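Hello,

Here is the structure I promised to pass on to you.

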Amino acid sequence: MTTLPFPIAEDPDAATLERGRKLFAGETTFLKGVVAMSGLPPADRIEVCFAGRSNVGKSTLINALTGRKALARASNTPGRTQEVNFFEAGPEHYLVDLPGYGYANAPLDVVKKWQALLKSYLGGRQSLRRAFVLIDARHGIKPVDDEIMGLLDKAAVTFQCVLTKADKVKEKDRARVLDQVRKGLAKHPAAFPEIVLTSSETGQGIPTLRSIIATLV
Ligand SMILES: Nc1nc2c(ncn2[C@@H]2O[C@H](COP(=O)(O)OP(=O)(O)OP(=O)(O)O)[C@@H](O)[C@H]2O)c(=O)[nH]1
Ligand SMILES: [Mg+2]
């Protein structure tokens, strides 16, 4: 049997699941929203961030991980998250909700400002252990995603692809999109060799993602 490149992450063992559960069982609190690199908190925790196109489900995923309905502001209006938002999960972890990219309808100067911040954050944050790059499971990797992945390659930031909205994928599209995503990831040296398939709606993949975050060192 040949192993597929970029397999979907398997369910963690019971002990690892428990570490993930524990990390997110405590309170997660909003620390601050940052609009410039100078506002970043000290880089003294294990930090993970959630990047992706506008509306892909970054804020909703943070809410699902933390079990809070409205910790991170999610909305149907693309461009909802406009700052780099820091959340404290336990005493050692930061979760970072990023502004979406690839949203064309916001005023250009505003978009330019977020994008510049997004890029300097992704390229220049020492304590960033892993970037989760969220991809809509219905649509696959778009050119803007590929651009961000290229930036992460250059910055040598390991990134892991998280497919979102798995509950919305039609069975007939699933294999095709996965294939497209795997081929796209194969071009990126910074891509972590496992994909996480998630749905914030059904909870699919959420315990796995919690465990992945909890076991980063
Ligand atoms: N069905 C379904 N809908 C989802 C899922 N995740 C997010 N959504 C919906 O997608 C929309 C956008 O979600 P957000 O979490 O605000 O997206 P975002 O990536 O934070 O968007 P920006 O902040 O604009 O970059 C909302 O209407 C969510 O309810 C999911 O797993 N399943
Ligand atoms: Mg958001």
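Below is what I found in it, beginning with the ligand.

A word on conventions: this is a predicted model, in which local features need pLDDT of at least 70 and side-chain atom pairs count only at pLDDT 80 or more, while totals for chains, interfaces and linings use all residues. Residues are numbered from 1 along each chain as its sequence is written, chains are lettered from A and ligands numbered from 1 in the order in which they are written, and side-chain values use heavy atoms, with hydrogens and water left out.

Ligand 1 is surrounded by 22 residues (a heavy atom within 4 Å of it), and the closest are K58, T60, G79, D167 and S200. By class, this shell holds twelve polar, seven charged and three nonpolar residues, with Gly counted as polar.

Oxygen atoms of ligand 1 lie 2.8 Å from a polar backbone atom of S200 and 3.2 Å from one of G100. From S54, a polar side-chain atom is 2.9 Å from a ligand 1 oxygen. On its own, ligand 1 has 660 Å² of accessible area, of which the protein covers 89% (Shrake-Rupley method, 1.4 Å probe).

One pairs R45 with E88 at 3.3 Å, N to O. R45 is in the loop between β1 (28–34) and β2 (46–52) and E88 is in strand β3 (residues 84–89), so this pair ties together parts 43 residues apart in sequence (strands are DSSP runs of E, at least two residues, numbered from the N terminus).

Best wishes

Notes:
A polar contact is a pair of N or O atoms within 3.5 Å; within protein, one must be able to donate a hydrogen and the other to accept it, and residues adjacent in sequence count only if both atoms are side-chain atoms. A salt bridge is a side-chain nitrogen of Lys or Arg within 4 Å of a carboxyl oxygen of Asp or Glu. Helices (H or I, at least four residues) and strands (E, at least two) are DSSP runs, numbered from the N terminus.
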